[in-house]
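Please open the model in your viewer and keep the selection tool at hand. The stops below take you from one selection to the next.

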There are 2 protein chains.
Amino acid sequence: MPAPKRSSLALVAARAGVSVASVSRVLNGGSASQELTQKVREAAEALGYVPDASARTLRTGRTDQIALAVADVGNPVYVQMMRAVTGVVAKADYRLVVSSTGSDPQDQIDLLSSLNRGYADGLILSPLRITADLIDAMRSSRLPIVVIGSLPEDVALDNVRADSATGVGLAMEHLVAQGRKLIALVNGPVDTVPGSARLAGYLAALERFDLPNAPELQVTATGFTYRAGRKAVAGLLGGSRPDAIVAANDLLAVAALKELAATGARVPEDVAVVGMDDTDTAELATPSLTSVDLGSAKRAAAAAKLLVRRIADPAAPVRRLVIPPSLSVRESTLQETAQ
Amino acid sequence: MPAPKRSSLALVAARAGVSVASVSRVLNGGSASQELTQKVREAAEALGYVPDASARTLRTGRTDQIALAVADVGNPVYVQMMRAVTGVVAKADYRLVVSSTGSDPQDQIDLLSSLNRGYADGLILSPLRITADLIDAMRSSRLPIVVIGSLPEDVALDNVRADSATGVGLAMEHLVAQGRKLIALVNGPVDTVPGSARLAGYLAALERFDLPNAPELQVTATGFTYRAGRKAVAGLLGGSRPDAIVAANDLLAVAALKELAATGARVPEDVAVVGMDDTDTAELATPSLTSVDLGSAKRAAAAAKLLVRRIADPAAPVRRLVIPPSLSVRESTLQETAQ
DNA sequence: CTGTTAGCGCATTCAT
DNA sequence: ATGAATGCGCTAACAG
């Protein structure tokens with residue numbers, strides 16, 4: 001038994017004493033006489049007519065919706081991305097629907113197959129982990145996808161990624177310039193896209209600045225969360241005394257801040273801390289957090305634009321964009337008594 | 001020109017050499033013979049058949065989607081709510097779609113009319129401001145709505161709200177017990193649902209604890225954000241020296257923490273600070289923030305359950321729930337040297 | 001157990 | 001400029 005009776009083109013047409021085709025034309029901006037337009041508008045108004053989305057979609061094949069899948073709504077970096085995407089998408093006359101997936105690639109695959117049923121015209125995806133299965137699913141998706149984050153070379157999908165290596169390099173350079181010698185890395189899981197990129201960047205920077213590669217200075221949290229960060233940092237401090245910590249994101253960096261405070265270490269005097277993503281959290285932290293801006297907002301906005309273009313022109317050449325990072329220096333690395 | 005040709009029931013039926021009805025039955029768990037089931041599954045698999053959502057929705061009147069509208073994705077309290085809703089909704093076999101509206105009621109009205117086109121089966125709405133227009137729009141919505149937050153008595157909509165008055169009372173009681181005398185309020189805009197509730201609770205508590213109602217101890221930020229909070233608190237400290245601050249949410253409370261630190265005041269020795277919503281932010285703050293848990297997660301979960309029930313039974317009696325608050329005490333109000 | 005058929009609401013082609 | 005008719009893909013009556 002279908003839903004409660006509602007308005008419909010036919011009802012409006014009957015009331016206005018015209019054909020459904022005319023109603024459709026008037027309401028969608030087709031050509032119609034002054035008088036007919038008038039009658040139709042009146043009838044539609046009186047009946048509180050609202051066009052039915054599924055009928056229109058069934059007919060036209062378009063939903064005018066764009067989906068954004070984020071792995072963790074609690075991570076402020078995704079908040080930045082949502083904000084950025086919202087703007088672009090609205091301007092292109094799409095509605096944005098946000099789906100929260102877990103970090104499990106299977107969640108994304110499920111979402112993809114769900115979307116393939118026609119809930120949206122396109123998807124912006126920022127996968128934490130990329131598996132072969134996920135790639136297969138993306139490849140065989142009938143709906144356009146733009147990926148935020150790195151992607152294997154041979155996957156012909158629009159994507160826009162950060163330059164983590166350069167970003168981590170910026171942080172390390174800044175720390176080295178401040179005279180730091182023992183720079184630890186607090187990373188998230190290395191089987192994730194950001195985790196592996198951060199690690200690679202860290203190792204490259206060690207080499208570049210002639211710093212020793214000390215395993216006891218590298219810890220991996222079980223997730224990119226505050227709680228996981230606290231544990232990881234506690235472990236780190238149990239086995240070493242770094243004079244600087246680079247964290248894979250701002251949440252982990254705040255965890256370092258709190259853990260350091262708990263052990264009586266002063267920031268930045270004893271230990272400097274750098275976060276990553278440059279989210280609101282960096283500003284709110286005490287001391288405020290120096291953070292690498294990996295261009296999340298720009299990446300998200302760019303991805304949205306790519307998707308809109310891709311939807312308009314499915315045959316357009318694949319584009320891969322890289323957004324350059326920058327460093328936002330705040331209290332957590334700035335000593336008055338800089339050496 | 002409709003979208004690129006895809007799979008369809010008819011295609012599967014043709015390949016399997018059966019009728020579309022049989023395919024539909026098999027795929028939806030109707031009764032069918034072993035052999036037919038086998039043939040259909042094979043054909044569907046081979047063709048990569050995916051059912052079309054809009055066609056099904058058009059036919060059944062259901063979308064199996066529930067919409068959640070949040071006013072500010074950047075506010076961690078909404079993150080709590082999203083998490084809570086996600087769980088309930090998934091268990092009831094609905095997909096959740098999140099829409100970010102602004103604080104402007106018009107945004108909600110727009111969203112409502114959009115949803116009335118049939119994008120979702122129900123809506124969970126947590127409006128910041130409630131205007132007559134919004135109420136009209138909710139009343140005339142053809143889709144079930146559950147409101148998180150207070151609502152005028154005469155609006156016959158399911159809703160679940162916090163008990164802000166008691167919540168603020170809890171905070172004040174705690175502060176008074178610690179010997180605080182000059183308790184300031186850092187509120188958000190009072191023309192909002194939470195803003196007015198917080199103010200009322202504060203005034204009631206002043207009376208209850210025989211505290212003077214001093215206007216210079218009450219400031220109103222232009223929004224429930226960190227940035228607005230900094231300005232408001234700076235204004236407050238410019239004109240008075242409270243020994244405690246109650247903030248209308250955790251973001252404003254963190255702003256108070258930072259502003260106090262900037263002026264050299266110690267927390268909690270000189271000034272105690274209490275936040276509200278008990279979000280992750282309270283834990284991350286330095287010092288960690290005592291916060292009133294207004295039951296956001298519980299409210300959201302309850303709202304989701306109410307909505308699922310309402311969708312199943314549109315004629316069910318209207319329910320209004322109130323979730324009791326509790327206090328999470330942390331460093332920002334705990335002096336070692338408690339008087 | 002399986003097939004035939006109608007129609008959900010709409011945009012669009014084809015007549016007029 | 002307007003109306004009649006078609007079919008998007010699907011589910012559910014109904015018939016056999």
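Begin by colouring the two chains separately and selecting the residues where they touch: 100% of the interface residues of chain B are also interface residues in chain A, so the copies meet through the same surface, where contact means heavy atoms within 4.5 Å. This is a predicted model, in which local features need pLDDT of at least 70 and side-chain atom pairs count only at pLDDT 80 or more, while totals for chains, interfaces and linings use all residues. Residues are numbered from 1 along each chain as its sequence is written, chains are lettered from A and ligands numbered from 1 in the order in which they are written, and side-chain values use heavy atoms, with hydrogens and water left out.

Next, superpose the copies: a rotation of 180° with 0.0 Å of shift along its axis brings chain B onto chain A with an RMSD of 0.1 Å, fitted by least squares on the C-alpha atoms of residues with pLDDT of at least 70 in both. The two copies are thus related as by a two-fold rotation axis.

Of its 5 residues, 5 are buried, so β6(A) is largely enclosed by the rest of the structure; buried means under 20% relative accessible area, exposed over 50%, and partly exposed in between, with a 1.4 Å probe and protein chains only. In a regular strand the side chains alternate between the two faces of the sheet. Here I183(A), L185(A) and N187(A) lie on one side and A184(A) and V186(A) on the other, and all are buried.

Strand β8(A), residues 244–247, runs parallel to β6(A) and is joined to it by 4 bridges, with V246(A) as the bridge partner of L185(A). Strand β7(A), residues 218–220, is also parallel to β6(A), through 3 bridges, and there Q218(A) stands opposite L185(A).

For the last stop, which loop holds S288(A)? S288(A) lies between α12 (280–284) and β10 (290–293) of chain A, and its relative accessibility of 9% makes it count as buried. Leaving aside neighbours within four places in sequence, S288(A) is in contact with A282(A), E283(A), R330(A), E331(A), S332(A) and K258(B).

Terms used
Helix = DSSP H or I, 4+ residues; strand = E, 2+ residues; numbered from the N terminus. Pairing = 2+ DSSP bridges.
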